[in-house]
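These notebook entries record what I looked up in the structure shown below.

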Amino acid sequence: MRTEIRICGFGGQGIILAGIILGKSASLFDGKEAVQTQSYGPEARGGASKCEVVISDTKVDYPKVQSPDILVAMSNEALIKYIVDLKDNGTLIVDPGTTDVEDVKDYIEEHNIKVYEAPATKTATDEIGLKIVANIVMVGAITKITGVISKEAAIKAIEVSVPAGTEEKNISAFEAGYALAE
Amino acid sequence: MSEGKQNRFLPYLREDRLPHIFCPGCGNGAIINAFLAAMEKAEMDFDNIAMVSGIGCSSRIPGYLNCDSLHTTHGRALSFATGLKTANKDLDVVVFTGDGDAASIGGNHLIHAARRNINLTVICINNNIYGMTGGQISPTSPKGSFGTTAPYGNQDAPFKLAELVAAAGATYSARWTTVQIENLVTSIKDGLKNPGFSFIEVATQCPTYFGRKNKLKTPTAMAAVMKANTVFKSAADRMRPKELEGKIVVGEFANTQRDEFTENVDKISVEKFGKRTLINSAYETEL
Amino acid sequence: MAEEFFIQGNEACAKGAIAAGCRFFAGYPITPSTEVAETLARELPKVGGSFVQMEDEIASAGAIIGASWGGAKAMTATSGPGISLMQENIGYAFMSETPIVIVDVQRGSPSTAQPTMAAQGDMMQARWGSHGDYEPIALSPSSVQEFFDFTIKAFNLAEQYRVPVFVMADEVIGHMREKIIVDDDIEIVARVRPEKSDDYLPFENIENGTTPMPAFGDGFNIHVTGLTHDERGYPDTNTPETHDKLIQRICDKVLNNRDKICSVRSENCDDADIVLVSYGAPVRSVVEAVNKTDKKVGYIKIDTPWPFPEEQIKELTANASDVIVVEMNLGQMYYEVDRVVKDKNVHLLGVIGGLLPTPDEILEKIDEIGGN
């Protein structure tokens with residue numbers, strides 16, 4: 001099965017790293033195939049950030065995301081911009097601290113979207129004491145909600161992806177995110 | 001030619017390439033002699049010298065010398081030399097170039113090589129004209145001089161190469177003419193020994209093109225004018241710009257020391273990773 | 001033991017270069033190839049290699065040729081505008097038979113156009129970009145793994161035939177991340193040093209065309225020039241036979257070894273009505289489209305655009321009525337395919353704008369043509 005995931009938000013939120021961790025988890029530790037891509041245009045400077053991952057049990061040929069099964073939005077601007085690509089019956093995960101699902105209520109209803117709220121930024125700030133790990137909190141929530149990667153694989157991928165010395169904080173952030181969706 | 005009259009530098013030449021293509025009265029022969037004399041004075045190992053050149057009359061010199069020689073594209077000799085020297089910093093890399101090659105098409109490479117202070121010795125033979133293509137003006141042609149592309153006289157101000165290269169960061173820069181061979185030999189020797197970017201500009205005569213276009217028909221006439229117009233740097237420093245118009249200022253423009261490029265490249269490997277820069281690694285399968 | 005990495009194409013290219021024995025890189029920053037330079041700036045000093053950021057792409061091409069004669073396997077990486085600037089020195093490398101590797105991560109073009117978007121607009125520049133007659137070798141990767149593998153292959157071919165070799169990637173492959181597997185027994189072709197002898201000729205007219213190459217400083221005192229030269233390397237610019245013999249040999253050493261150099265991959269071509277031909281990133285869309293359609297459609301993936309795999313293309317399209325070339329330009333390799341399969345209907349699906357052609361676009365084209 002092919003799952004298309006799009007994660008979007010502001011520049012500086014670690015959107016790209018979150019996508020890399022998903023791809024790495026699936027391809028290096030879950031025995032699946034994965035491709036990660038991202039936008040490099042002027043939109044990648046400052047403002048918006050978008051990262052896409054395709055995860056599949058079989059070889060991923062076409063590498064780009066066309067209509068995501070899972071949309072993760074960490075900014076309201078990105079939510080409004082990208083909701084329209086989300087598949088019918090798709091999964092939307094938002095950070096309620098930085099988005100307002102009321103703005104896309106109609107689309108959610110019309111397309112039977114499953115909505116999950118994961119307060120990643122608040123959790124990162126309150127529980128870990130580091131706002132910058134909100135992306136990893138979100139990886140925890142994505143893992144639990146979608147099951148697209150395994151928890152074990154995610155932890156291994158985080159360990160080899162974050163700066164040396166920050167592994168513990170990041171794993172705690174992941175666990176906090178994983179717990180959010182329980 | 002009898003044994004006794006044989007040029008003492010003949011063993012350094014590729015005899016099977018002679019006769020050379022240089023015109024009668026060209027300064028290139030005197031400059032080759034000066035280079036070889038300087039090399040001996042510097043006690044350099046000729047077998048360790050690799051030469052690089054671009055395009056132009058002066059760039060043909062390495063082809064006559066019996067050492068490894070890379071005759072490259074127009075203006076780019078210094079970039080090839082930068083790669084060669086960095087890949088094997090044990091080689092003594094000498095670059096022969098001219099005013100058009102080094103200062104016009106290759107001007108950017110010239111200032112960047114000087115900025116890096118890479119250990120190359122550059123002999124820039126400045127005849128103020130494009131000889132190989134038949135007498136067009138160059139970036140060092142004096143204002144008012146004539147060339148086939150300046151039939152009404154050159155309107156542009158010339159570059160002062162030795163000063164330019166010194167300003168760009170070379171640790172050795174000098175200018176002499178073909179009528180001051182002793183000084184030239186000393187400067188080339190000093191340049192060869194300087195562990196950094198060394199630039200020796202030699203003002204020379206091109207009787208075939210510069211001379212013919214500028215009413216200086218014979219090599220001796222050109223030499224006489226060159227000699228008459230020469231001012232030593234020490235004297236020039238006390239002269240006003242107006243007085244220096246049309247003069248050739250000779251002497252040293254830089255003679256100093258600072259970090260050298262290939263040493264710095266090697267230092268990163270050694271200091272950070274305990275690994276010297278490999279030489280001749282292309283021949284190995286296990287690295 | 002094999003190692004696995006989840007990395008960008010450009011990083012995989014840099015890793016491949018180091019694995020192949022590349023110990024000198026010169027380059028100039030340009031999107032979307034910069035990560036190749038950035039990775040090598042970090043990694044080369046760890047393995048006794050040198051990284052130089054040159055003042056421009058002309059100088060970068062010059063520096064790698066100089067370094068190659070200095071005894072190092074050498075590479076540069078760039079994109080369209082840089083490839084344009086390098087062309088004169090690339091021609092010099094063909095003429096002087098200098099092994100170098102040039103990586104082109106293609107972007108929207110001409111001119112500066114679309115720095116962060118993908119294209120395949122430089123294919124003919126790899127073929128004909130420098131003046132005169134010569135036969136280039138070019139490889140086009142369709143995955144991050146292939147960007148690693150083909151970079152190694154490029155170094156091996158460069159050494160084997162003493163030629164510049166292009167790795168013609170694109171922004172999609174350069175920037176995406178995928179898993180690569182790095183085997184510990186990678187086959188490396190080392191440069192061969194000639195035997196010391198009085199009759200060594202650095203540009204000898206020998207049968208397979210490739211003479212052993214010494215490094216400067218080895219004591220061979222060789223002269224290397226871009227001028228027409230004899231077998232010693234000495235300029236001989238006015239003898240027609242000297243030029244003819246030299247250029248014929250430079251071309252023949254590649255052309256006569258086409259069967260060893262050319263590589264394609266294909267599926268379902270035997271009984272296909274329509275055969276899709278592509279290279280680089282669009283192969284990904286082509287494969288997906290072929291898997292989706294229930295018509296008799298096969299595909300050919302060209303690994304080596306240059307020398308063009310004429311024989312393979314002819315054979316694999318023998319039973320088809322139509323051929324569709326899918327590429328990210330308005331027709332470059334299309335004309336090559338059309339040239340070799342004259343009796344078929346050859347169509348172009350040329351997509352510009354910066355996005356990879358989608359499987360749906362390809363399926364539409366297949367429907368438009370018909371087929372069973």
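Entry 1: I worked on a predicted model, in which local features need pLDDT of at least 70 and side-chain atom pairs count only at pLDDT 80 or more, while totals for chains, interfaces and linings use all residues. Residues are numbered from 1 along each chain as its sequence is written, and chains are lettered from A and ligands numbered from 1 in the order in which they are written. I found that E2(B) pairs with strand E10 (residues 223-225) of chain C in the parallel sense, over three bridges. Two strands pair if DSSP finds at least two bridges between them. Helices (H or I, at least four residues) and strands (E, at least two) are DSSP runs, numbered from the N terminus.

**Entry 2: contact between chains B and C.** I recorded 44 residues from chain B and 47 residues from chain C in this contact; two residues are in contact if their C-beta atoms, placed from the backbone, lie within 7 Å. On the side of chain B that touches chain C, strand E2 (68-71), helix H2 (77-87), helix H4 (107-116) and helix H11 (261-273) each supply at least two residues. The largest share of that side, eight residues, is from H2(B). I sorted the residues of this side of chain B into 16 nonpolar, 20 polar and eight charged. Here Ala, Val, Leu, Ile, Met, Phe, Trp, Tyr, Cys and Pro count as nonpolar, Asp, Glu, Lys and Arg as charged, and the others, Gly among them, as polar.

**Entry 3: chain C by itself.** I listed 13 helices and 15 strands in chain C. The C-alpha trace of chain C spans about 65 × 45 × 45 Å along its principal axes. Of the 372 residues of chain C, 62% are buried, that is, 20 or more other C-beta atoms, placed from the backbone, lie within 10 Å of the residue's own.

**Entry 4: contact between chains C and A.** I found 17 residues of chain C in contact with 15 residues of chain A. H10(C) gives the most to the side of chain C that touches chain A, with four residues. The residues of that side divide into seven nonpolar, four polar and six charged. I also noted that strand E2 (residues 33-38) of chain A and E9(C) run antiparallel, joined by two bridges. In this pairing, A:Gln36 stands opposite C:Arg177 in E9(C).

Notes
A residue is buried if 20 or more other C-beta atoms lie within 10 Å of its own, exposed if 12 or fewer, and partly exposed in between; C-beta atoms are placed from the backbone.
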